Amino acid sequence: MAQPDYYAVLGVLPTAPDDEITRAWRRLVLASHPDKTRTAPAQTDIRLVNEARAVLSDPVRRAAFDAQRVSNHAAPPPPSGPRIREHVSLEAFTAHPSAEEPERFTLECRCGQEYVVTVDELEAGVDVVGCPGCGEYVGVDYEVVEEE
Ligand SMILES: [Zn+2]
């Protein structure tokens, strides 16, 4: 049975202090109040939010949850590395030449954010780029051009 990640439920980091957990909980509770949901229907499962807060604000239960969470999530990443959505030729990226910083290439992700890779990274052998918006990855296909 999958245990919900209470930190993800509240949208806080696993290192979040107590007061931050309470703040995050209050924000979610307020956001899901019927009076406030006319424009943005709450997707929040308030029962889960309350459960998350109950566990994370109790040092003993939080420690137990942390221990279990670590054992659930500490598995090493699969040898294949990040899951790559697709391979894209570098030619599909938009080049952004600049005198000051290394030349960057960007590619719009379907989430609206951009994959960004710099010439420095490409020269260092980077061929997988993560999207900061949705966490997906694309592989970058390019040929190394040897300078003469
Ligand atoms: Zn994205």
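Analyst: Two strands are taken as paired if DSSP finds at least two bridges between them, and that criterion is applied below to the strands of this predicted model.

User: In what order do the strands β2, β3 and β4 lie, and how are they paired?

Analyst: The 3 strands form an open sheet in the order β2-β3-β4, with antiparallel pairing. From one strand to the next the twist averages 25°.

User: How do you know that β3 and β4 pair?

Analyst: Strand β3 (residues 104–108) and strand β4 (residues 114–118) are joined by 5 bridges and run antiparallel; since at least two bridges are needed, the two strands count as paired. Within this pairing, T106 stands opposite V116 in β4. The two strands also form a hairpin with 5 residues between them, and in its turn G112 has a positive phi of about 105°.

User: Why are β2 and β4 said to stand at the edges?

Analyst: Both β2 (94–96) and β4 have a single partner strand, so one side of each is left without a neighbour in the sheet.

User: What is the pairing in the sheet with the order β1-β6-β5?

Analyst: That open sheet also has 3 strands, but its pairing is mixed. Its edge strands, each pairing on one side only, are β1 (84–89) and β5 (128–130), and the twist averages 30° from one strand to the next.

User: What joins β5 to β6?

Analyst: These strands run antiparallel and are joined by 3 bridges, with Y137 in β6 as the bridge partner of G130. They form a hairpin with 6 residues between them, in whose turn G135 has a positive phi of about 75°.

User: Why are α2 and α3 called roughly antiparallel?

Analyst: The axes of helix α2 (residues 18–31) and helix α3 (residues 46–56) come within 10 Å and cross at roughly 165°. Angles over 145 degrees count as roughly antiparallel, and α2 and α3 are therefore placed in that class. Their crossing is left-handed.

User: Which residues make the contact between α2 and α3?

Analyst: From α2, the residues D18, I21, T22, W25, L28 and V29 meet I46, V49, N50, R53 and L56 in α3. Sorted by class, this contact has 7 nonpolar, 2 polar and 2 charged residues.

User: How many aromatic pairs does the count come to?

Analyst: With ring centres required to lie within 6.5 Å, the count comes to 2 aromatic pairs. In one of them, the rings of Y6 and F65 have their centres 4.8 Å apart and their planes at 40°.

User: Why is the pair of Y6 and F65 called tilted?

Analyst: Planes under 30 degrees apart count as stacked and those over 60 as edge-to-face, so the angle of 40° leaves this pair as tilted. Y6 belongs to helix α1 (residues 6–10) and F65 to helix α4 (residues 59–73), so the pair ties together parts that are 59 residues apart in sequence.

Definitions and conventions
Residues numbered from 1 in each chain as written. Predicted model: local features only at pLDDT ≥ 70, side-chain atom pairs only at ≥ 80, totals over all residues. Heavy atoms only, no water. Axes fitted to C-alpha atoms, helices over the stretch in contact; angles between N-to-C directions. Helix = DSSP H or I, 4+ residues; strand = E, 2+ residues; numbered from the N terminus. Parallel < 35°, antiparallel > 145°, perpendicular 65-115°, else oblique. Left-handed = near helix turned anticlockwise from the far one by under 90°. Contact = heavy atoms within 4.5 Å. Nonpolar A, V, L, I, M, F, W, Y, C, P; charged D, E, K, R; others polar. Phe/Tyr/Trp six-rings, centres within 6.5 Å; stacked < 30°, edge-to-face > 60°.
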